[in-house]
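Please look over the fold and its confidence before turning to single residues. A short report on the model comes after the display.

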Amino acid sequence: MDSARRVREIPGVGLLGSTALAAVLGTDAKGYRNAREFAASLGLVPCHRGTGGKVAVGHLSERGDPYLRNPLMHGARGALSREAPQCAAGTNPGSTAL
């Protein structure tokens, strides 16, 4: 699958994550209106609670697809840990923005 090969070029995304992501997104990812909707389908949005106009934002909801969320989360954690020395020194602006 060409889309899985392209996704696999992203740092931190391996074979399992790329094939699962390509299977969920399809060829054009038109099933989602925006990135937040896709993140919500994975369970990567914060829980909201609130009463009387006071809103509290909590931890990640984790209500989405665990089969796809787990490889992507572990891949992101691994990609950031490889960048940690550069991030700590402030020499890599891409990783400090994350």
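## Model and confidence

This is a predicted model; local features need pLDDT of at least 70, side-chain atom pairs count only at pLDDT 80 or more, and totals for chains, interfaces and linings use all residues. Residues are numbered from 1 along each chain as its sequence is written, and side-chain values use heavy atoms, with hydrogens and water left out.

The mean pLDDT (the predictor's confidence in each residue, from 0 to 100) of the chain is 77. A value of 70 or more is reached by 83% of the residues. Confidence is highest in α3, at 84, and lowest in helix α5 (residues 93-97), at a mean of 54. Where pLDDT is low, the predicted coordinates should not be read in detail.

## Overall fold

The chain has 5 helices and 2 strands. Both kinds of element are DSSP runs numbered from the N terminus: helices are H or I with at least four residues, strands E with at least two. From the N terminus on, the order is α-α-α-β-β-α-α.

Of the 98 residues, 23% count as buried. Buried means under 20% relative accessible area, exposed over 50%, and partly exposed in between, with a 1.4 Å probe and protein chains only. The accessible surface comes to about 7,000 Å², by the Shrake-Rupley method with a 1.4 Å probe, where only the protein chains shown count as cover for residues. Carbon and sulfur atoms hold 58% of that surface. Contact means heavy atoms within 4.5 Å. Among contacts between residues at least 6 apart in sequence, 30% join residues at least 24 apart.

## Nonpolar core

A nonpolar core is a set of buried Ala, Val, Leu, Ile, Met, Phe, Trp, Tyr and Cys residues joined through side-chain atoms within 4.5 Å. The largest one here has 7 residues: Val7, Val13, Ala20, Leu21, Phe38, Leu42 and Leu68. Helices α2 (15-25) and α3 (35-42) are the elements that each give two or more residues to this core. In soluble globular proteins, nonpolar side chains tend to be buried together.

Beyond its neighbours within four places in sequence, Val7 contacts Val13, Ser18 and Leu21. Ser18 lies in helix α2. Its relative accessibility is 1%, so Ser18 counts as buried.

## Aromatic pair

Rings of Phe, Tyr and Trp (its six-membered ring) pair if their centres lie within 6.5 Å; planes under 30 degrees apart count as stacked, over 60 as edge-to-face and the rest as tilted. The count comes to 1 aromatic pair. The ring centres of Tyr32 and Phe38 are 5.1 Å apart and the planes stand at 75°, so this pair is edge-to-face. Tyr32 is partly exposed at 24% relative accessibility, whereas Phe38 is buried at 18%.

Phe38 sits in helix α3. Leaving out residues up to four places away in sequence, Phe38 touches Leu21, Val24, Leu25, Tyr32 and Leu68. Its C-alpha atom is 9.7 Å from that of Gly64, 26 residues apart along the chain.

## The hairpin

Strands β1 (residues 46-51) and β2 run antiparallel and are joined by 5 bridges. Two strands pair if DSSP finds at least two bridges between them. Thr51 has Lys54 of β2 as its bridge partner. The hairpin has 2 residues between the strands, and Gly52 takes a positive phi near 65°. Strand β2 (residues 54-60) is hardly covered, with 0 buried residues among its 7.
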